[in-house]
Structures are given as structure tokens and as C-alpha cells.
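Here is a short tour of a protein model. Keep the sequence and the 3D view side by side as you read.

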Amino acid sequence: MSVPLLLVRHAEAEAGWGEDPDPGLSDAGQQQATRLAIELHENFSNTVRLVSSPMRRAQETVSPLASLWSQTPEIDDRVREVPSPVEFSSRGQWIRQFMTERWSDQPPLLQDWRQHMLTALSAMTQPTIVVTHFVVINAVIASLQNTDQTLVFWPDYVSVTQIQNVAGRLSIVALGADKRSRVN
């Protein structure tokens, strides 16, 4: 049986990746989250499981849909933003460099993070919407495309990337909207 999994990139954050360790949504991001909720509500049943990264921008993105469906999203640390192996003040520079690199060159911290996240997705046995992050979606797609690049596409804010789980094997159904937006 094929289980649909929707990976949703969070809406626009109020601060950049190197500016705030856990920003909430900007005004535009709140509007994006509301539009996303309406779209998903019109196209999916409220029996779909909601999972969110513990980061504020992801939780605030899923909040309007959770309200419409009277659900409390599950918070899953395994779909949180990529851990930064550098001090906060260097995160912006680090992420720009990271996105030009290869997975095989990454330290164990990042290899383990990626594997735990893929394992979590492979274990999902019911239709699920996962609100997560740019790098998480890239890590999943790179793995499913068998590419070593850390950056394989630019999922826009609130883009929906569709994958499926068939007996623990993940595959791509459709990539979400691609746009070269600021990575928060």
C-alpha cells in the first residue's frame, strides 16, 4: 500500500538563518500559512496526520491547518532544521557553504541527522503532512534521487513536495514549487 507523505516547507520567517536561532513567521509568512491551510483543507481529509518540526516557523505554519482540522500537530525533532556544527554567529556563512558541498563530505553529526530523518519518514504508515525546512526537503530529495549534492532544488515557502512510502521505501511523486527564495 502506498502512503502519501507531504513535505511542506515552512512559510517565510521574520528573520534569517544567521539572525535568530528560532524565528517565528513574518506577516507575509502568516498569510502564506493561512492560504496553505485553506488549500490543504480543500484537498485533503482532516484524518491526515500533522507533523511539525519543533522550530517556531514550522509550528506557526501548520497552526492554521491544525485549527481548521481541530488537531494538535505532533512535534518531531527528527524533521527539525539541519544542525549547525558552528557557532551561531557563523551559521549564515556555514549554510551558504554547506549548500555547495556533497553529503559524502559532511561530518558524522550531519550524516546521522539525515539518516534519523529518513528513518522517521520511512516509518510513517499513514498519510501525513510534515511541515519542515528547506534543507530537510533537499536532504530527502537528494537521497531519493541518489545524488550526493546537498542542494538539489529550491523549494519555495509553503511549497508541497509529495513523496510516498511503500513498505518502508520512499519515492518521489512530485517536487514542490521551486523558487530561489532566501533560506531562513
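Start with Asn-146, which sits in the loop between H5 and strand S5 (160–166). Helices (H or I, at least four residues) and strands (E, at least two) are DSSP runs, numbered from the N terminus. The model is predicted, so local features need pLDDT of at least 70 and side-chain atom pairs count only at pLDDT 80 or more, while totals for chains, interfaces and linings use all residues. Residues are numbered from 1 along each chain as its sequence is written, and side-chain values use heavy atoms, with hydrogens and water left out.

Most residues other than glycine have a negative phi. Asn-146 is not a glycine, yet its phi is positive, about 55°. Ala-167 also has a positive phi, near 50°. Ala-167 lies in the loop between S5 and strand S6 (169–174). Are these residues buried or exposed? Asn-146 is exposed, with a relative accessible area of 74%. Ala-167 counts as exposed at 78% relative accessibility. The cut-offs are simple: buried means under 20% relative accessible area, exposed over 50%, and partly exposed in between (1.4 Å probe, protein chains only).

**The sheet**

Six strands form an open sheet. Their order is S3-S2-S4-S1-S5-S6, and the pairing is mixed. Two strands pair if DSSP finds at least two bridges between them. Strand S3 (74–75) and S6 stand at the edges. Each has a single partner strand, so one side of each is left without a neighbour in the sheet. S1 and S4 run parallel and are joined by five bridges. Leu-7 has Val-130 as its bridge partner in S4.

Val-131 is also in strand S4 (residues 128–132). At 2% relative accessibility, Val-131 counts as buried. Val-131 and Arg-9 are 122 residues apart in sequence, but their C-alpha atoms are 5.9 Å apart in space. Val-131 touches several residues beyond four places away in sequence, among them Val-8, Val-51, Ser-53 and Ala-58. Here, contact means heavy atoms within 4.5 Å.

**A buried serine**

Where is Ser-53 found? Ser-53 is in the loop between strand S2 (49–52) and helix H2 (56–69). Ser-53 is buried, with a relative accessible area of 0%. Its side chain makes a polar contact with the side chain of His-133, at 2.8 Å. A polar contact is a pair of N or O atoms within 3.5 Å; within protein, one must be able to donate a hydrogen and the other to accept it, and residues adjacent in sequence count only if both atoms are side-chain atoms. Ser-53 also touches residues including Gln-59, Asp-76, Arg-80 and Thr-132.

**The nonpolar cores**

In soluble globular proteins, nonpolar side chains tend to be buried together. A nonpolar core is a set of buried Ala, Val, Leu, Ile, Met, Phe, Trp, Tyr and Cys residues joined through side-chain atoms within 4.5 Å. The largest nonpolar core here has 32 residues. Val-82, Ile-95, Phe-98, Trp-113, Met-117, Leu-121 and Ile-163 touch the most other members. Strand S1 (2–9), helix H3 (91–98), helix H4 (108–122) and helix H5 (134–144) each give two or more residues to this core. H5 gives the most, with eight residues. A second, separate core has 19 residues, including Leu-25, Leu-50, Ala-58 and Val-158.

**Helix H3**

In H3, Arg-91, Gly-92, Trp-94, Ile-95 and Phe-98 are buried. They cover an arc of only 160° around the axis, which puts them on the same side of H3. The arc is that of the directions from the helix axis to the C-beta atoms. Gln-93 and Arg-96 are exposed on the other side of H3. H4 and H5 are among what covers the buried residues.

**Aromatic pairs**

The structure holds four aromatic pairs. Rings of Phe, Tyr and Trp (its six-membered ring) pair if their centres lie within 6.5 Å; planes under 30 degrees apart count as stacked, over 60 as edge-to-face and the rest as tilted. Two of the pairs are listed below.

| Pair | Centre to centre | Angle of planes | Type |
|---|---|---|---|
| Phe-98 and Trp-103 | 5.5 Å | 85° | edge-to-face |
| Trp-103 and Trp-113 | 6.2 Å | 20° | stacked |

Trp-103 lies in the loop between H3 and H4 and Trp-113 in helix H4, so their pair ties together parts that are 10 residues apart in sequence. Trp-103 counts as buried at 1% relative accessibility, and Trp-113 counts as buried at 8%. Trp-94, Phe-98, Trp-103 and Trp-113 form one aromatic cluster.
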